[in-house]
Amino acid sequence: VSDDDLLDAFAETLRAEPPPIDAKQTAALVARARPRPSPVYTVFPWAMAAVVLLAIGAGVLYWTTHEDAPVEAPIARGIEERRVGPHSIVSDDAIYELHDGPEVELTRGHALFVIAPLEGGSFVVRAGDTNVRVTGTVFGVSRDGDDVSVHVYEGSVEVTRGREVRSLGAGDSFGERALSRTLDERGRAEADARAEEPPPPAEPPPVVVQQEPPPAPRVPTDTEIRRLIAAGQHREALAASERAVGARPRSSELWMLRGDALRGLGNRADAARAYERAMTYGSSSERAIAGLSAARVTDDPTRAVAYLEDSGALEPSSPVRDAAQALRERLAR
Amino acid sequence: MTTAIGFWRRSPSASVVAPMDVQAALTELVPSVRRWIYRTIGPGPDFDDAVQDALVELATALPRFEGRSQLTTFAHPVVVRTAYRYLAKRRAQPVSTDVDHASQEDDPERRAQKREQLERLHRVLDHIPDKQRVAFVLCAVERIPHEEAARIEGVSVETLRQRLKRARSELARRLRADPELCALFGGGS
């Protein structure tokens, strides 16, 4: 007997019928077969109500406090570089919060600050009870608990710790803790690069000595300008962007917003120029987006293609590659 | 008595959608459900529980039945899933098969023999993985086409064929290793 015959005979025997039941037993089985309740209805109603209330509470809290909340609360790990308007923060295994002002609160780790010259404003770094106030310089701050040190590579800063106030110039340090090697090398390189730049036309602004910052003129934030554009208030958005550009002339995002405001007002030529500036100052992604925006508003097809190519919008890594390619194909037709 | 007019069955002869009673559908399905469970997990003290559980699952699932297929086509995968649960339970907590799920034989001796034989055959099935067992039951015992069995199991036809092939190979090996069973099916002395 083959395996197939053996298994067929085996299956045939298994093809047995269960012991029969009568109609009464069948009815009893069916009567007991009550559908399981839907999971939605088994959720405790108070839990649902609590979730709704929490959501409402969180919404109210957000809308009432987000203006004063930190703009960003990043947790940096390893080497990270962040642009804050015209300034740069290079951190090494650091945790810091960035607030309006601009003001940085360093919780731990090493951070190098490359601060562009400020006119009237200041840049403050808080590390525990140590405050560093500058108006344009390159310096690093390192913190581990209460062990805080400041190293100045270019310009000068004022350090306050409790009642102690010290002014540090290039090459000076405050505290014993060393800055990480990577940031130290970067700080020296930034200082050298600045030394090669032509001297500024005016005297650099003096170090601010007072502990409390002077009331700086109110500069509209990107969020405020973005809201004005979203509300269709392009004229007000343009005016706000003009004030903000004065304070942060190298902010790619700001020039993008200015371009959006101009485009909203129908001024396509100036909008294209604003996007072009955004390309100049932005990261590779920002350049690609700005290039696509400029190509969309310009009336000159040749120039539009040039914007797409110069900005890297057509590159494989571009976040707007598909849209840029579609636009270039349309322009080619 | 009739409650829960909860699902709709499309009449095959017309495009009219007529409401249908869940309880009537369950009553119609009871024989099939009992047979599928019996052939898949075999006789045992948990047979009635498995049938009742399968009917509860069906009562929950039937409101989603849109009448685009036969009622048994809709119900079979639900029952197989229940059978899987009971097979897994048995593996975790073996149960005695000593239960009088007797057939309607009049002769008590013959009835006992038949029950013993069936239990012995299912013990052979207990030695192969549940997925292979269900594939064997669906295809070899129930004689369901491979495509339909694959749909019931929710797997590709290729996967089902692999399970069936392994099940047949292992079962043949085990049957041949048992001279008594082998002789029963005409495969040896």
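**Figure 1. Packing of helices α3 and α5 in chain B of the predicted model.** Helix α3(B) spans residues 71–92 and helix α5(B) residues 130–141. Helices are DSSP runs of H or I with at least four residues, strands are E runs of at least two, and both are numbered from the N terminus. The two helices pack at about 135°, with axes 11 Å apart. Axes are lines fitted to C-alpha atoms, for helices over the stretch in contact, and angles run from 0 to 180 degrees between N-to-C directions. α3(B) and α5(B) are therefore oblique to each other (under 35 degrees counts as roughly parallel, over 145 as roughly antiparallel, 65 to 115 as roughly perpendicular, the rest as oblique). α3(B) contributes H76(B), V80(B), Y84(B), L87(B), A88(B) and R91(B) to the contact, and α5(B) contributes D130(B), K131(B), R133(B), V134(B) and L138(B). Contact means heavy atoms within 4.5 Å. By class, six of these residues are nonpolar, one is polar and four are charged (nonpolar: Ala, Val, Leu, Ile, Met, Phe, Trp, Tyr, Cys, Pro; charged: Asp, Glu, Lys, Arg; polar: the others, Gly among them).

**Figure 2. Helix α5(B) against helix α7(B).** α7(B) covers residues 157–177. Its axis lies 8 Å from that of α5(B), at an angle of about 95°. That makes the pair roughly perpendicular. From α5(B), the contact includes K131(B), F136(B) and C139(B). Among their partners in α7(B) are L160(B), R163(B) and L171(B). The contact of α5(B) with α7(B) holds eight nonpolar, one polar and four charged residues.

**Figure 3. Helix α1(A) meets helix α4(B).** α1(A) is residues 3–14 and α4(B) residues 108–125. The angle is about 120°, the axes 10 Å apart. That makes α1(A) oblique to α4(B). Their crossing is left-handed. F10(A), T13(A) and L14(A) touch Q117(B), L118(B), L121(B), H122(B), V124(B) and L125(B). Six residues here are nonpolar, three polar and none charged.

**Figure 4. The interface of chain A and chain B.** Contacts join 28 residues of chain A to 40 of chain B. About 3200 Å² is buried, 66% of it from carbon and sulfur atoms. Buried area is the accessible area (1.4 Å probe) that two parts lose on being put together, summed over both. Five salt bridges cross the interface (a side-chain nitrogen of Lys or Arg within 4 Å of a carboxyl oxygen of Asp or Glu). R143(B) forms a salt bridge with E12(A), the closest N and O atoms being 3.4 Å apart.

**Figure 5. A salt bridge within chain A.** E81(A) and R186(A) pair at 2.9 Å, N to O. E81(A) sits in strand β1(A) (residues 79–84) and R186(A) in helix α5(A) (residues 181–196), so the bridge ties together parts 105 residues apart in sequence. Over all chains, the structure holds 35 salt bridges.

**Notes.** Residues are numbered from 1 along each chain as its sequence is written, and chains are lettered from A and ligands numbered from 1 in the order in which they are written. In this predicted model, local features need pLDDT of at least 70 and side-chain atom pairs pLDDT 80 or more, while totals for chains, interfaces and linings use all residues; side-chain values use heavy atoms, without hydrogens and water.

How values were computed. A crossing is left-handed if the near helix is turned anticlockwise from the far one by less than a right angle, and right-handed if clockwise.
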